[in-house]
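Me: I have a new structure open and would like to go through it. Can you help me read it?

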Amino acid sequence: MADHPTALRRRWRTLDTASGGLALDLGLYAVSAVFAAITAVTSTLLPHRAWGAIAAVGYLVAALAVVVQVLLRRRGAASRLFGLPARWAVTGFAWASTALLPLLWQSVERSSGRTDRAQEEVLVVEQSGARLLEHGTAYLGRDAIAALPPGEQLLGYTPYQPGMAMFGLPRGLVDAWWTDARVWFAVGTALALALAVATLRAARPARLATPAGADEGRNAALLRGVQTATVLPICALTLATGGDDLPVLALCLLALALAAVDRPGRAGLAVGLAGALKLFAWPVALVLIVWGLTRRAGTRVAAGAIGLPVAALLPALLVDRDALTENVLRFPLGHGLVTSPAQSPFPGYLIATALPAGRLIAAALLVAAGLAIAVLLARRPPRTAVATALICGYGLLAAIALMPSTRFGYLLYPLALLTWAPALHRTTDTLTVPLPGQLTGRATSA
């Protein structure tokens, strides 16, 4: 890894550390308040409008709190009023007011009879949990889906891995606000993020000599990573209205944190749990296995990263193999009875819809991107948790851009992974973030 950061990294660090990190905090909350307000007024999705109305106030209050912190800093007040603990407190308030409060509000209104207070994925996960309790599988077969009214066939599909149905089990047992799947998505997300933060903090023994301010810089990077995974609107909105991606993302971040502290077996278990929920975690698992191979721990990583998803698939495979194939393979690939509504205008979707044989071209580009990443992994395998996070982030960004059917909300994965990378530096590391061409680094640095 280069000793001197590039101009790009220097500019980012200048922005990130301006006014002790408060300048970027203020920008984050202020821009998010505007985004939430616009969403409340213009969104065509009623759960999103309801989120925006509450979240805009939460972001605005957080922004005002940061303004006060900036003024106190300029006046030379006690650092505890604007230092890292105070910034963590504002972040916690922002997450509670922009994600958890709207989530609980919508859950309560939904339990009172409102039918416009949850996105479709919440209903899908809850129905899959009920089917798991009743039939032993979360999936409906093709014939059962075809028998549904045309307007309900899309909800008959469960395009997730079997573990996702666990978040729907409470609603299958009790019909109450607290059994809303989003409540349990939030619980899972909070637990995984708390474990990730505790893991990284505990891995910095005070007895080791570190450069002045280095530990504070790493803690600030950790805060920035948590902010991206929680209060960034794309994450807060997703958790409050749908939420199924957030526990998957949090478990991937936990896996990378465990990799950063040389816990390959536990890293494999964490990413394996994520992979048992959703396919988006499988590329992260693959890169982590390659990282494990560079440390002679590939088998330990793979045991959890591959073993847990396979163990989750086996019961569904034994109960109804065709239903599993229809939901987790045919439907995502565009061969179901109905097509996915995931149609954000990224390059892959535009190519697939605008060009002759567009879907084949988009698929070929996606395969080419995958092969390029495979060559990178073979020639320069990631030897650090930082490099692993960066490869995962850039790789998922490329995949989301080139997929024929995708959602804007999926960007939360690469954004969070790339922002999480600086927090993964070990005590002996320097706090610099490598660019894509500098993804490998020494094995002793992470």
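Predicted model: local features only at pLDDT ≥ 70, side-chain atom pairs only at ≥ 80, totals over all residues.

Me: Which residues does Pro47 touch?
Reply: Leaving aside residues up to four places away in sequence, Pro47 touches Gln106, Asp116, Arg117, Ala118, Gln119 and Thr241. Thr241 is also one of the buried residues of α11.

Me: Where is Pro47 placed?
Reply: Pro47 is in helix α3, which covers residues 46-74. Pro47 counts as buried because its relative accessible area is 9%, and the cut-off for buried is under 20%.

Me: How far apart are Pro47 and Gly151?
Reply: They are 104 residues apart in sequence, and their C-alpha atoms are 19 Å apart in space.

Me: Back to Arg117. Which side chain does it meet in a salt bridge?
Reply: That of Glu109, with an N to O distance of 2.7 Å.

Me: Which residues are linked in a network of salt bridges?
Reply: Arg110, Glu126, Arg171, Asp175, Asp180 and Arg182 are linked that way. Within that group, the side chains of Asp180 and Arg110 form a salt bridge at 2.9 Å, N to O. This pair links distant parts of the chain, 70 residues apart: Arg110 belongs to helix α4 (residues 84-111), and Asp180 to the loop between α8 (169-173) and α9 (181-202).

Me: Is that pair buried or exposed?
Reply: Buried. Asp180 has a relative accessible area of 0%, and Arg110 has 14%.

Me: What about Asp245, which residue does it form a salt bridge with?
Reply: With Lys278; their closest N and O atoms are 2.6 Å apart.

Me: Changing topic to the whole chain. How many helices and strands are there?
Reply: The protein chain has 20 helices and zero strands.

Me: What is its radius of gyration, and what would a compact globule have?
Reply: The chain has 22 Å, and a compact globule of 446 residues would have a value near 22 Å, so the two agree. Along the principal axes, the C-alpha atoms fill a box of roughly 70 × 50 × 45 Å.

Me: How much of the chain is buried?
Reply: Buried residues are 52% of the 446. The accessible surface is about 20,000 Å², and 67% of that belongs to carbon and sulfur atoms.

Me: What share of the contacts join residues at least 24 apart?
Reply: Among contacts between residues at least 6 apart in sequence, the share is 75%.

Me: Last one, how many positive and negative charges are there?
Reply: There are 37 positive and 22 negative charges, and their mean positions are 14 Å apart.

Technical notes. Residues numbered from 1 in each chain as written. Heavy atoms only, no water. Salt bridge = Lys/Arg side-chain N within 4 Å of Asp/Glu carboxyl O. Helix = DSSP H or I, 4+ residues; strand = E, 2+ residues; numbered from the N terminus. Buried < 20%, exposed > 50% of the residue type's maximum accessible area, 1.4 Å probe, protein only. Rg over C-alpha atoms; globule rule 2.2 N^0.38 Å. Contact = heavy atoms within 4.5 Å. Areas by Shrake-Rupley, 256 points an atom, 1.4 Å probe, with all protein chains shown as cover. Lys, Arg positive; Asp, Glu negative; His and termini not counted. Charge placed at Lys NZ, Arg CZ, Asp CG, Glu CD.
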